[in-house]
Amino acid sequence: MNTAADGLSVEKVHVWRGDRHVLQGVSLELRPRQLLHISGPNGTGKTTLLRVVCGLLRPEQGRVSWHGQSISSVRTEYQAALAYASHEPALKGDLTALENLRFAVGLKRRVTAGELRASLERTGVGACADLPARVLSAGQRRRVALARILAMQATLWLLDEPFTNLDTAGTALTGELLHSHVQAGGAALVVAHHTLEVDVDVRRLELGP
Amino acid sequence: MNVGLLEAFALIVRRELCLSFRRPDQLLQPLVFFLIVTTLFPLGLNLQLSLLRDMSPGVLWVAALLSSLLSLDSLFKSDADDGTLEQLALCGQDLTVIVVAKTFAHWLVSGAALVLVSPVVGTALGIPTEAFLTMMLSLTLGTLTLSWLGAIGAGLTVGLKRGNVLLSLIVLPLAMPLLIFGAGATDRAISGTSSAGALYFLAALCVFTCTLAPFAATTALRITLE
Amino acid sequence: MTVREIMWTWFYKLASPPYVYGASAALAPWALGGAALAMGYGLIAGLAIAPPDYQQGEAVRMIYVHVPSAMLSLTVYTLMAAASAVALIWRIKVGHAVAAASAPIGASFTILALVTGSLWGRPMWGTYWAWDPRLTSELILLFLYVGVMSLRLAFEDPSRGDRAAALLAIVGVVNVPIVHFSVVWWNSLHQGATIVRLGAPKMPGSMLWPLLSMWLGFMLFFAAVLCIRLQGEVLNRERQSTWVREAVKS
């Protein structure tokens, strides 16, 4: 049920980086079963906005709320409910793909090796499960990162340029996964230059200079 | 479904140990440095073993401090570089648990290793075997405290260019009381007088630091992550 | 509004950059004048009028500069840590300005204490340096100051630099008593009988009053210099805001 206080709400957020007023009173709303596509030229603060939404960066002014409560007051619960994919795939080169997933997802929920292998299969890198991440190609690493997001079973997906280094099959796969996630009641916030063609309720936010 | 504190702690310690043992060369380097630095002193001072003994607590402790500093840089750096630090910060566990787990694991492979190697170095410096127990006990407490001071310093300087120099600049003045009490305890053990006083102070410092430093280190990391 | 709300609003107004800027500008000349008076009396009474110590001779007159600078070095560090705590906990940005402005002043006092201590030591010990507990503590305090200042400068983003330096200042202030205690303990182990502590001998009134006056003078001098530096810091940090542009235009 979509009540007014459901989901993510960002109100008039201002962030300065040194002298630059990077985010100037940005507001957005994201309800369950919605996908928000954030786009804009380089340097307009898309990644900064995503980090504010994650709770990593505290804005000078403005407020981020999750289900009506400020995220700084429910930080742990909020972060347990989200999955963040940064611009880099964020994998430890010395650990295998499976181990990377285990140590990341295992902190969020109890998960078996079987489930993790299934996630890796789903994103097409099942064969790489026991290979150290440093021998994987950039595209394979991106798919492992996607598998990590999948395995976390989070309500809110925050993805920063998830299509980087992916071929057409990979891009289609990401679209599919976003579709299923949103249909199942999740919400997603995607920063992408790429045009997003996903058959769900897509909102758009364009950040300008 | 939800992962408890101890489980998370254990998982992170396992992760760190896994990563450390996959790079055995990086594990051994600080230990070798420890041995090398202790060798520098007799070479530079040209002393007989019996005279060296008087200086040995200080030499041992300075060498331990410096080699610990070397390995502290890696506490958060590799995670910060490949983006996994952010993932850890967003995993839904309290950041303090993560910091405690990482620092503890780091101490296991650096500080604890140092303590185990110390009898070798002690012999080289002429420390009598009767003093070994005090020496190792003081080193255990000292390296544990130093790991925590270093965690604060590392949290503040991770991501800075040439952060390791600044790290030393920050941590060494804070570590001077450690040096005083640790070397003092070993010195008294060598000369036969009771080192209990110094050890108690060292233990008090250790407990104090281990209790408060995690919060300081977590705050430092949050500042860095922004 | 409740009393609590009124107090907070008043506090926030007090801590707002334009107010602090104005207050510093107004306060500085008075503090400077007061410092001149206090130090003037202290120096004249201490250097010319007070009697030499029977044990230390004329050299004891160094006490009038050494002791106040040592006390100030510690006071300023504590103030810096307090301002940092206010800035970190309640997110009051002016606290960072105060901390940044006072750090170099405190470091200078520390250096002054070390130099005067060294000069005092020469007639006492025959050397320019000995590991006396106070001098050693001052030296470590200097390292702590340098650490805080270097950390602030190492960050490209000044607000992160401020916060990192603030945390370090707080960690440092907790360590200052520990350092002092450990140095005293260490020094007691290696008690050289010939080392005369750079401490105050028994103080007759003719020595005490000038000393207190010098201490007061130093405090006022610090306040004056802080006010002057604070104006610059506040202007620099707030240079994007409208009130600064107005102030600069006029």
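Residues are numbered from 1 along each chain as its sequence is written, while chains are lettered from A and ligands numbered from 1 in the order in which they are written. Because the model is predicted, local features need pLDDT of at least 70 and side-chain atom pairs count only at pLDDT 80 or more, whereas totals for chains, interfaces and linings use all residues.

Helices (H or I, at least four residues) and strands (E, at least two) are DSSP runs, numbered from the N terminus. Two strands pair if DSSP finds at least two bridges between them. Four strands of chain A form an open sheet in the order E2-E1-E4-E5, with antiparallel pairing. Strand E2 (20-30) and strand E5 (69-70) of chain A are at the edges, each with a single partner strand, so one side of each has no neighbour in the sheet. Strand E1 (residues 8-17) of chain A is joined to E2(A) by eight bridges in the antiparallel sense. One residue to look for is A:Trp16, whose bridge partner in E2(A) is A:His21. Helix H1 (residues 46-54) of chain A packs on the sheet and touches E1, E2 and strand E4 (61-66) of chain A. The direction of H1(A) makes about 125 degrees with that of E1(A), where axes are lines fitted to C-alpha atoms, for helices over the stretch in contact, and angles run from 0 to 180 degrees between N-to-C directions.

Backbone angles come next. Most residues other than glycine have a negative phi. A:Lys12, found in strand E1 of chain A, has a positive phi of about 45 degrees although it is not a glycine. A residue is buried if 20 or more other C-beta atoms lie within 10 Å of its own, exposed if 12 or fewer, and partly exposed in between, with C-beta atoms placed from the backbone. A:Lys12 has 13 C-beta neighbours inside 10 Å and so counts as partly exposed. A:Arg33, in the loop between E2 and strand E3 (35-39) of chain A, is not a glycine either, yet has a positive phi of about 65 degrees.

The expected span of a helix is 1.5 Å times one less than its number of residues. For the 15 residues of H5(A) this gives 21 Å, and the end C-alpha atoms are 21 Å apart, which agrees. Since 13 of the 15 residues are buried, H5(A) is largely enclosed by the rest of the structure.

Chain C has eight helices and zero strands. Of its 250 residues, 43% count as buried. C:Ile178 is found in helix H6 (residues 158-189) of chain C. Two residues are in contact if their C-beta atoms, placed from the backbone, lie within 7 Å. Neighbours within four places in sequence aside, C:Ile178 is in contact with B:Pro177 and B:Leu205.

Finally, the contact between chains A and B takes 23 residues from chain B and 23 residues from chain A. On the side of chain B, helix H1 (5-21) and helix H5 (84-89) of chain B each give two or more residues. H1(B) gives the most, with five residues.
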